[in-house]
Each structure stands twice: as C-alpha cells, then as structure tokens.
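Good morning, and thank you for coming.

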Amino acid sequence: MNGSLKQLLRSPLFLVVAAVLLWFSVTFLIYPNLTLLGTVFMPEGQLSFDAIRRLMSSQRAMESLRNSFLLAVILSVTVNAVGIFIVLATRYFDIKGARVLWLGYASTLIYGGIVLVAGYKFLYGDSGFITRLLLNVFPGMSASWFTGMFAVVFVMTFACTGNHLLFFGNALAKVDFQTIEAARMMGASSWKVLRSIVLPTLMPMVYAITILTFLGGLSALAAPQVLGGEDFQTVTPMILTFANAPSSRDLAATLAMILGLSTIVLLAVMNRLEKGGTYFSVSKVPVFLQKQKIENPVANVVVHAVAYALFAVYALPPVLIVIFSFTDAASIQSATLDPGSFTLNNYLRVFTDYSALWPFLVSIGYSAVATTVVVFGLLFVARLVQKFRNPATAAIEYILHIPWILPSTMVALGLIVTFDHSEWLVGNIVLTGTLAILAIAYVIGKIPFTLRMLKAAFAAVPDQLEEAAAILGAGSFTTFRRILLPIVAPTAAAVAALNFNHLLDDYDTAVFLAHPLYQPLGIVIKNATSNDTLTDTTALTFVYTVILMAITGVTMWLVYGRGAGSGVSRRRRPSPKATKALLSASPEAAREPRELAAAGAANTLEK
Amino acid sequence: MIASAPITLGDILKRRIVLLGAVLAAGSLLSTACTPPGQASASSNESLIIYSNSVSDGRGDWLKKEAAAAGFKIDFVDLGGGDVMNRLTAEKNNPVADVTFGLNNVYFEKLKAQNVLDPYTPAWAGDVDASLGDQAGKQFWPIVREPIMLVFNKAAYATPAAAPQDWTDLWTKDQFKGKYEVPTALGGATTQMVLAGILARYADPNGELGISAEGWAQVKAYFANGSRAVTGEDLYSRMKKSQVDAGQMWLSGKASREKQYGIATEAVKPAVGVPFAVQQVALIKGTKKAETAKKFIDWFGSADVQAKWSKQFFTAPANNKAAAAADAQAIQQTAAFKNQAIDWTLVGKYIDKWVEKIQLEYLKG
Amino acid sequence: MITFENVEIRFGDFVALPDYQLTVEEGEFFTLLGPSGCGKSTALRALAGFIQPSRGDIRIGGKRVTHLPSHRREIGMVFQSYALFPTLSVWENIAFGLKVAKVSKAETMERVREIAREVNLSDEQLAKSVTDLSGGQQQRVAIARALVLRPKILLLDEPLSNLDAKLRHQLRAQLKDLQQEFGITTVYVTHDQDEALTMSDRIAVMNNGRIEQVGTPQDVYTRSATEFVCNFVGDANKLSPATVQVVMRDGGSHLDPARPAYVRIEKVRIEAADTAASAAVPALAGRVSSRHYHGVYSSYRVETDRGMLRGILQEDGRGGFQPGDPVRLLVNPDDVLQYGVSRYGVAS
Ligand SMILES: Nc1ncnc2c1ncn2[C@@H]1O[C@H](COP(=O)(O)OP(=O)(O)O)[C@@H](O)[C@H]1O
Ligand SMILES: [Mg+2]
C-alpha cells in the first residue's frame, strides 16, 4: 500500500511524527550546518575560498589527502583478502577449532579506535613483545620498525574485518548449498566451487563491504595518528586539528567536505555496480551450508596454518590488554610480565572510587539515552518515509542523511556556533554548557545508520500483513504497534546495540560538547593515552578498555549470540528468523548490501 | 499447555530484546539518578567549577584538599590549553566554569577579546607585577611565571659545551639534527610559546604574517630536522631510550619528569633568553557564584597558598610576598633564565595564523 | 451480491483492468481463473479495498463500497502467503480482529474456540507460534482468522498454491465444505483450472485484464466462449484445416476449415486400425508415435497424414496401443469448437 499525502494528513500519529521530524531537521540538521558553513566560508559576510588556496599550496595537506586515498585503496584489497579468508575459514571450510578461531577473529567487534591501536602498539611497538622477539633474531633491526604505511595498513587490515564477520558471513550462510552440491557432482574441485560458484554469488556483498572499507580507510584517525610516523599521516587527524583552532576551521570544513563528497560519489558508484548484477537464491528449498573439507592435504595444512597465525594476530592484543590490566604502570610501560606485579588494585580502584567509575556511568548514560531516542524516534520516521513516498518525505530523507556528509566534528562545531546563544528554535535556551547538547549530537550522528536499517526492516515486511490487519479492522496505529513493531524489533535491537557500542567510547564529539562535569570515557581514555601525563593512568586505561570490551561483548552477545544465528553455532540449527534479525532483516539478498554500504558509511565517517 | 511448550528461538530473541531494553533503560536512568563526583552534597551550588590546563600531575588533587581546608569546594575540569580556550569561548553565553587558571597570557588575551572574562581586582593585586597580566582591563592576573625551556639529556653529551646552546643550534649544527623532538600537535600552550620564542626573533612588519622570510626558513628547518613527537609517549620516555636527546619542557614539568623517569636533564640558557609563560587566573563572566569565586581567587593567589604551591610543584610565584616562603630552588632556577624580549602583541595577533601556516607547510607527516 | 461496474484500475500508466464488469451472486462460490499476471489479484484487491479504481464502481449488496475502507466492507480474506502475523500466536492471530473490534474477552474466547473447531485446529495448536506450524495448518489459521469476524464475503487469493499436491487436493474439498456450511459468498482466485472446475459454482476466465467468459464449470469447459478459454481450460487439439475437412464430411457442414478449430483430447476416439469403421463418424488414419501412462488412463500422440492429434484411452488392462501401432481416430463434428479468425494470426 503506497500512501498518499492525503492519507498522511488523515493520520494524527504521523502528523505528529511529521511535525517533530520537521522541527528536528530544521533545528539540528539544516540550520546549524548552514550557520557553520556561513561562519567558515563567509567570515565577513562575503564568500571566500581562501581555504582552498591555502590547502592547495600546502604540500602536507596534499600528501595527507593522497595518503588517505592510498590507504583506502590498499585496505580495500587487504581487508577483503583477510576478511574473506577468516569468514571462509570459520564458516565455509572444515577447519579444526573453528569456534575458537571465530572468537579470536571477532575480537575486533568489541574494541576499536585508539584502544585497538594502542593494543597493537603494545605488542609491536618499540618495547613490545614481538619487537623484542625480533630483535633477538635480528639484532641489527631498528626497534621502531613498526611505523609508517606498513604499520597503519597492518593494524587497520585486522581492525576492519568486522564487517566481513557480520555481513559477509551472513551472506555466505544464505548461499544455496544445493548449488555447491551440484557443482561437486559435476566434478568441480573445492577451489573451483569456491571461485566459480560461491564467491560470485557473494560479489554484491563484497562490493558493499569494499565501499565500507574504502570509506573507513579514507577517514582513518587513530592508526595513522599513532603509527603513521612522518611519512604516513592522513587527513582526518588534520581535520580534527584544524577544527580545534577557531581561525583554521575553514580548512577543517573544506577537508571534511572533500571526504563527504567522496562518500557521496562512492555511494553512487555502489548503487550503479549493484544494478549490474544481483543474485537471488532461485531455490525454493534452500539447503543450509555444510562445511567443506579441503581435499588437497598440502592446501589443508596451509589453510590451517594461516588460520591459526591470523588467530594469533587477532587475539594477542586483547589478551595482553586483559593480562596487563592486572599489572602496574611500570610493567605496562616496559611490557614485561613479572609475577610479583600482578594486582587487583586497578579494578578495585575503578569499582570503589566513584570518580574513576564516573566516566563509565556517563558514557553508558549518554549512549543509552541517545540510542533509545534515535531508535525509538526513527521507528516512526522510517515507517513514515517508507510508507508515504512523495517529494516531501524524499526531501526529509535526504536531509536526515546530512550527518554522513559532515563528520561528527563538524556537526559538533555547528551545534556550538548555533546554540551558544539563545535561539527561538529551541525555546530560547542556550544549549552549550548543558547536558543535552552532547546527547543531541549523538542522536544526530546515529540518524543515517539507524534510518537506513529500520527502513529496510520495514520494507521487508510484506504488504499483505498490513492489508490483513486493515481488513480485520486495525487502524494504522494499531497495525504499527501490534504487527509491524514486533516484526522489526529484532532489527531495532541490533541497531540499538551497534549504536550503543559505538557511542560508548566516542571522543570526537564529546571533546567539543561534553559537559565538563560529565566527561565520557572516550575523553578520559584519550587524555590518558596522550603525552604530558604521568603514567599512573596507564593501568587505569587498560582497565577501562577491558570493561569496555566486556560491555560491548555483552551487547553483541545479546543480539548476535548463541541462538541468534551468528558465528559457528548455526551449523546445528538453521534459524532463518534469527538470521533476519541480523541487521537488514531483509528477505532479499539484494537489498542488504546497499543498506549495509549506506549504513556503514555513516559509521566509518564517525570514526 | 503453554508452560509446557518448548522454548523457541523467538522466545530467546524476545528475551534478549527485553533485556537489551532493560539495559538501555537502566543506562538512561543512570544519567538522571547519579550525580558527578563531588557534586553530591547539599552545598553543591556553592561548589566552584574551575577549568584549568594546570591540574595534571597531582596538582588538582592537592589544590582540592587545600581548598577544602580553607572552606572552598571545588571541581576541576582538566583540559588541554586549546580545549580550555575553545570551551570557555563556546560556553560564554551559558558558562559552566566560575574560575579559570593556568593558561598563559597569550591565551588570556584571546579570552578577553572574546568577552569571556569579568574584571576583578584580587586582594593580592598589589603584590604582583601587574604588567605580567592584563595591563589595561584588570581581567586576568598573574600567578606563576614559568620559563619555557629547551631541555637535553645530560647523558647524551660529554660536556655541557657539547650540548646545544640555543634553539637555533638544533637545526643549524649537524650533530643535533634528528636528535631533538618537535611537536606534532601545535595547539598546546608550551608549544605555542616555543614557536613564539623562535619566530618573534624575526619580526618584520613587511614579512608574511609579521615574520621575515628568514624567520620562516628557520622554523621550516626546525621542523625539517626534528624527530616527530610520538603520540602517547612522553619526551622523557624517549630521551631515556636515547631516541632523542632534547626537546621542549616547562620548569615544573622538568622536575617531576626527572624524578619519574630517573634521568638527569638540563635546560639550555640561550643568550637571548627564553619565553616566559605567565600563568593567569581570572573570573568567568556570567558565573552565578561570583562572590565565592572572588574569594577563591583571593585565596588562591595569596602569598601563603602560592608559596605552598611552589614548594609542592616547583614553581616560581608571581606574588612577590610569596617569594620568601616559596621553593628557593624553583625561584632561583626561574630567575636564572633571561626573559626573552618578545613582542606579545604581535604574538597575540598572529599566533593562530602562524600555527596554521606551520601545520600546512612545515610540519612533517 | 457483488458487482463491478465498468471498473478501471491503473498502476501509473499501466492499465491492469481496463473495463471490469462482473456480478457475483449471494452465497455463490465464484472463481476468477486466469494465467499469472492477468489481473485476478488486482480485481480481488480492489474488491477488498486495497486499491482504488480510477473509474467505475464496486457494489456489495447493492451498496456502493468503492471508497469504503476495507474493514467496513464486511469482507474476510485469505492471502496467498496467508499473511499471518509472525510475532503473534495462533490464538492471537485469530483473535486479532475481535480484539481490535473490542469484543469482550468471553465472547472472543467463545468465537475463537468455535472457529478453531470448524477448521480443525487443536487447543495445542492455538497456543503455538504461527511460525511453528506446517503450511496446511497455517492455511487453516488464515481461514479461521478471516471467518471469525463473520464476514459476508470471503476472498481467497490462491490459498492452496503454497501447499503440496496431496494436501491441495484434500483441502479443496474441505474449503468447499466450509463454504457451503457457512453459506458465505466466496470469491476465489486461482490459476489452476482443476481447482476452478472442481470447486466453483461459476467461473470467470480472465486474460490480460479482461473477462473472456463467465459460466458454470461445464459451460466454460464444454462451451468455451473464446479460443483463449478453450486453450486455457482443459486440454484441446488444434485441428489443421485438412483435418477439419475430414471431420466435416459427415454432419459437420456447420464447420468452416478457415477458422480455428479445436477438439478436447478426451473427445478423440482411438481405435485399432482393423476395427470395423463406424459409418457415422469420419475417421483419420495414423500411427501411434508415443504413449504416456497415467495409471487410470494413457495419453497418446498419433501422427496422421493431416497432422498430429492427441487422445486418451481408459486403461482397461488389455494393454492399449504401442508406439508404431496403426490406429484410426474418430472426431464427432459436434465436439469441435470453432472460433472467429484467430487473433494470434495462426488461422490458415
Ligand atoms: N502495485 C502494482 N504496481 C504496478 N503494477 C502492478 C501492481 N500490482 C499488480 N501490477 C501489475 O498488474 C498486473 C496484474 O497483476 P495481478 O493482479 O497481481 O495478477 P494475477 O492475476 O497474477 O494475480 C500485472 O501485470 C502486474 O505486474
Ligand atoms: Mg495474484
């Protein structure tokens, strides 16, 4: 049922939603960003593109841009290679210990950003375990070998395979096993089957993830900042720096817009590619995947070896973080383990000292509030734009995607310059310095991802259900509440969990907007990992990281855990319903990649 | 009949969703049910909020205790120099802070220009050299004078004479090239003082941004021949590992780091002198606790407190009366540096542009 | 009584039903039959109120309902996919309409129980989640959900197409029984001619958004009004002009070899070549080219010098014919269906 504007006007619920939506869009998406662009590019009321000239004449800026794109291209290859391999190793090939391997590979799902980079540096840095090991073998080697493009690519390759685990793995599970059986019967080898039957059907998903990876590389922050050295700095740290200096914000805005435009172009390319070929399961009776044995003994050994080597790479940093979180600052500094230095004091301190625990409470509070608001609100909005397709809702939908084009730093600045004085749009309240402004920024940042996912979830609900409800006498609100909401609830929960996790360790937005007495975790961690501080916070950072991983792990488990169809557990009992809960909730394999790419763009841009 | 039904996948999912909902709800409640540390007591409206970049390394905790003894309840917001600036500016119409201290005069000039401060003449105004603070508007007042120094690892050089004698030696003499640390983030107060100290030597009204071409060449060489600071690693940690031998430091930072990293360092005493950062204190315009805030400023800048602070954290108080009871070493070491003649007006006018130019053109990586 | 009066339905520029006219009588089991995409569902959905006609009117019991919302048309509907609410239990699905209508708890209980009994759903099944039911059980839930509101009209959109063959056959009878028991006016959509012929009181055969013929199953089958109906319903041989000329020889003067002519395969008599010729019926000589065994009967392809014809023979245990056997084919001119010059341009 395709609703008309007239229908919309007849439904009081949607009228309210539309009104709130309109107000929110104008107040928090359009007005602040226009204000910001105005102050940046028209400082004296006159349009000035001096920023472009300054950037063009800066070799460093140009190199950073080049490095960002270079990183994006390289990662597109390396992340796909590793990502596809780990998914195949855990879910396609019959590899011993696949469950454990999967857990190791999945560690990047529960920690990321600066914490992850610090973890790798802890292992491969100047005084890291691996470095010391290597120095024993090659005494002439430089201790600071882990720097520059290689180090950044290495760390980011492993950090960015989460999408493969979630989305590629999910798509693989949906491949019709009968096609594999058929190919086998015709004498195809396992390699041939993989290359010409399995992978081609998954290409749309690979495209989608490639786009995500590309955007992730483009907007990389922590890894190049910490590991890039002088030869491999990228553009996002530069944006942050310039955004922090009021007189250089036009540079930040210009660079941000270059990234934003790239995102738009990529999404357009993605849509085009996707039109080229999508693959549906044509089978009426899809048979779920069975693990494939690798017949060639040499290949089998090699694949096992690579799988376990990768496992070590993935698992070591988080394991070491956990272990060292029980030691003191000195042990952490020197990366040495001494039985005498083990202590529970760090944890005791976090859980007994209110001021040490406080950042956690703040982060959890903000993440929960923002997640709840954005998911709950967008349930209505997604329904509205999905049901009533007309120019007005199309325009609103575009506006809701603005946070993709401007990175979170710019959104935060826009809010500051707009609401640092009283504005009638928000009831003449000065929002800066209040608790609300950070929550608003978090909500804004999460809109595109949430909207795309929920819209896809609603679109996947067969129209006939609504018709059935209508013919039984249910009004649009009853249908929404009693039929549609319960169906999209699993998707909403998954989206909520991802949002929640993502906001927990946010730094970029908080640094501008957090109330000084309510500083979230991201700021505390960042402060502790930056220079100029005494080391007594180092151990605390490790503890924070471990607790963060625990919280994130629990949320992930709640939506993806056993029985919810993720990982290796699906072998026993295929659960199409639960699979649907995995993010897209779309029955059409074709829709998933697009939503995913779009949604991921939002995520990576925020990183 | 229903009870005996097996638990279906749907049930599990439903429970998970309910659980997730509960977690989110609980999380949301947290934000309203809890109060930040130190804000719980009934007197919280009289609790002062202070923004500062000078409360790390245990300084904040110490001051909090002392202030409590004197009857003040205070909460610190510990931020970098640039962040304190940005925040105070952003919040100027709805200030959260009541008092700010620790930033140097260059930053305070900017705050003043942004209308963030309120004029107030503290009780100890007569005991300080007012020219170190806000000469014209009485909006900010000096508390600590601190030399911004070039320090080197003593172990790296056989004799003091073999060590660099001025900043310019670093990039003009081959033996130092690549062995000194240069900052990668230029937003910090210390870094900007260093840059001012180098660039102000080449002031030229006709030059780009008030600096001669020669001056820009020097700064370019400074960055080109330095070793980039490593994010997350202290200069002293790198000096200990002999990755670099020299870098920028402020006086009290030198003392605490020597102790922590167990290396001996020495500050270079250039003939032209070194830039002095004069930390200031000021009242925030629009504070709802102006009376308490003023009392705090009177107390904090007093000879007694400044002397204790000096003893504790190795600083040279601006308050002349504090000198006698202050850490003699700190005063003596501070006095040992010549105050470099710097046109602070020029610096205040151009520092942001300088930083931007350096970031765009000279910074490596 | 349901009437469609010159109804036009459009989807953008595409006209799905150009000028739909139809009358369904009270208590009738009425079937819309036609190939996929011909507009059956569209007509049904227009009747249900999911689609608005761009022209014309729909009446139920004389009352104009063209712009009435679905739930006020007193219609129950069973969807092709059943459209059961996946997050509700069987009980909740059936009780949904009652709950929305704020029917009391006690009465809801009563009515759900009653309808469940009618469609053979056990108490145990009522407590289950609909996703745990088999296809046949889901279909019964869908019917119960549609009937529990005691609608005047029941609409069924290919309700058996998702089931396996055996179940489909069983449920045909059950559906028909249920319809008769309730005496409810039923509009049934299917593309399966067998279903249409066995269940319906009357059938409308549709093609390309138009109705080709309305009539009883016998009418539609034996007196197919158009070439399309003849082809779509049942199985017919198209006769070549030469064959028609042979058939015309005895009592077939009303036939015209120039026009398309058909004969149903079961009307073609196959005899051994050596059987004494029946004088009344013109015969064609040919040879069996293939035989397909169906259990009760076998179907044959016979190559004659005037073209290929198909026929069937009851299996009587005497072995029938084998490929290569010479046979004689007999076609009664009265059994030949003839139409105007074919629109498909194959008329010779
Ligand atoms: N919502 C729609 N939008 C556009 N075209 C439609 C829509 N619904 C049906 N059609 C078209 O109308 C024609 C009839 O469809 P339908 O009534 O579903 O056929 P069927 O007889 O198989 O039930 C088909 O060509 C179909 O493509
Ligand atoms: Mg249909």
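**Chains B and C, and a patch on chain A**

Chain B has a secondary structure of 13 helices and twelve strands. Please bear in mind that this is a predicted model. Computed along the principal axes in the computed coordinates, the C-alpha trace of chain B spans about 95 × 50 × 45 Å. Of its 365 residues, 57% are buried. When we take the contacts in chain B between residues at least 6 apart in sequence, 74% join residues at least 24 apart. The accessible surface of chain B is about 14,400 Å², and carbon and sulfur atoms hold 55% of that area. Chain B carries 40 positive and 36 negative side chains, with the centres of the two sets 4 Å apart.

I turn now to chain C. Here the secondary structure consists of ten helices and 18 strands. The C-alpha atoms of chain C fill a box of roughly 75 × 50 × 30 Å along the principal axes. Chain C has 348 residues, of which 50% are buried.

Finally, chain A. Which residues make the nonpolar surface patch of about 590 Å²? They are Met42(A), Leu47(A), Phe49(A), Ile52(A), Met56(A) and Met62(A). One of them, Met56(A), lies in helix H3, residues 50–56 of chain A. Is Met56(A) buried or exposed? Met56(A) is exposed, because its relative accessible area is 58%, and exposed means over 50%.

Technical notes:
Residues are numbered from 1 along each chain as its sequence is written. Chains are lettered from A and ligands numbered from 1 in the order in which they are written. This is a predicted model: local features need pLDDT of at least 70, side-chain atom pairs count only at pLDDT 80 or more; totals for chains, interfaces and linings use all residues. Side-chain values use heavy atoms; hydrogens and water are left out. Helices (H or I, at least four residues) and strands (E, at least two) are DSSP runs, numbered from the N terminus. Buried means under 20% relative accessible area, exposed over 50%, partly exposed in between (1.4 Å probe, protein chains only). Patches are made of residues with over 30% relative accessible area and no salt bridge: like charges are joined within 9 Å, nonpolar side chains (Val, Leu, Ile, Met, Phe, Trp, Tyr) within 5 Å. Accessible areas come from the Shrake-Rupley method with a 1.4 Å probe; for residues, only the protein chains shown count as cover. A salt bridge is a side-chain nitrogen of Lys or Arg within 4 Å of a carboxyl oxygen of Asp or Glu. Contact means heavy atoms within 4.5 Å. Lys and Arg count as positive and Asp and Glu as negative; His and the chain ends are not counted. The place of a charge is taken as NZ of Lys, CZ of Arg, CG of Asp or CD of Glu.
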